[in-house]
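Please examine the structure shown below. The briefing that follows treats its topics in turn, in short points.

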Amino acid sequence: MSNASWSPPDASSVGSTLETFILEGMFQRPAATGAFTSLLNQIALAAKIITTRVRRAGLADVLGYTGDENVQGERVQKLDVIANDTLIASLRRRGHCAGLATEELVDPVFFANATGGYLVVADPLDGSSNIDVNISIGTIFGILRYERSAGPPTPQSFLRAGRELAAAGYVIYGSSTVLVLTTGKGVHGFTWDPSAGEFFLSHENIRCPEKGNSYSINEGNSAYYTEGVKRWNAWLKQPDKADGRPYSHRYVGSLVADAHRTLMKGGIFAYPADKKSPRGKLRLLYEASPMAFIFEAAGGKATTGRERVLDVVPEELHQRVPLVIGSLKDVEAYERIVGEIDD
Ligand code: AFP
């Protein structure tokens, strides 16, 4: 069926590129040196290279496992290594990034020649187990300021609560490649145009709807749920027309994909602590904190079930944490129902 109100976009109009958008933001702050803009551009460059590799994965002998295990004890995919190496190579340039900690590295890498005051945390390729079956995967990152007068950074320099992030974002390699970015005020999405070789602003000022109608959790773990999570899970499925229940269930198993849908359409994503993973499964530094930062900046909410995710101070680099993110009202309902039972 044709849509009579649609007309083709003006072929002469050129949208704002990611670089222009960042630069314009910088010019509004006269004291800015350009280092932050340049660092974001290096992350965008890594995203461009990774998306190209992901798109050609079936043709370039980069699918499958390397035979190694990462620090989490998970089997490493070849694309995990490529994404990790790409981030290191990109951030090493220009000297703005003093150190990088990722899910794939036992210890952070430090860039000895760097003069800039930023540290980056990242999950270079989130959702690896979905790579071979063409399901959306992504890159998650967070940027921390580092005071150079404190001396060279150490692994402890990364152990900071998410509320201290200067910026966070993710790239989703899905039906299109979209980079979502925030510096804490306003969340913006940029879509990769392969013909122009640029990310263009496509989703300005993303707001997470106040309430949604879908929930996202690994239901296969339900035997391990705490009593509180079981009660919440059952509540979501109880019909209540006025409240929009039952909610639909959506679960991809790539955090970036589940979070992106939740951010855009509303609803809730939960990977709670359970009897199998008493501290949760997702990593605080590389997954939970950046996502929590993005959701809060978009008007949503992020909790461990007991406290605000952005207030959790990491004790170790690869620490795991329960993560519940989504629409404000949906996360509040989770806290209320799960909080009724002390388990
Ligand atoms: P992989 O990178 O090993 O695929 O893990 C993905 C992930 O860290 C996160 O992206 C998902 O939300 C979560 O794990 C899925 O975990 P389950 O397979 O236990 O549901």
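P246 lies in the loop between α4 and β12 (248–249), where helices (H or I, at least four residues) and strands (E, at least two) are DSSP runs numbered from the N terminus. The peptide bond that joins R245 and P246 is cis, with omega at about 5°. This is a predicted model, in which local features need pLDDT of at least 70, side-chain atom pairs count only at pLDDT 80 or more, and totals for chains, interfaces and linings use all residues. Residues are numbered from 1 along each chain as its sequence is written, and side-chain values use heavy atoms, with hydrogens and water left out.

**Helix α4**

- Helix α4 covers residues 227–237, and G228, V229, W232, N233, W235 and L236 are buried in it (buried means under 20% relative accessible area, exposed over 50%, partly exposed in between, with a 1.4 Å probe and protein chains only).
- Seen down the axis of α4, these buried residues fall within an arc of 160°, so they line one face of the helix; the arc is that of the directions from the helix axis to the C-beta atoms.
- An α-helix has 3.6 residues a turn, so residues three or four places apart point the same way.
- Among the elements that cover the buried residues of α4 are β11 (214–216), β13 (268–271) and α7 (328–339), contact being heavy atoms within 4.5 Å.

**Positive phi in residues other than glycine**

- R94, in the loop between α3 (78–92) and β3 (97–102), has a positive phi near 75°.
- R94 counts as exposed because its relative accessibility is 53%.
- N134, in the loop between β5 (118–126) and β6 (137–145), has a positive phi near 60°.
- N134 counts as exposed because its relative accessibility is 75%.
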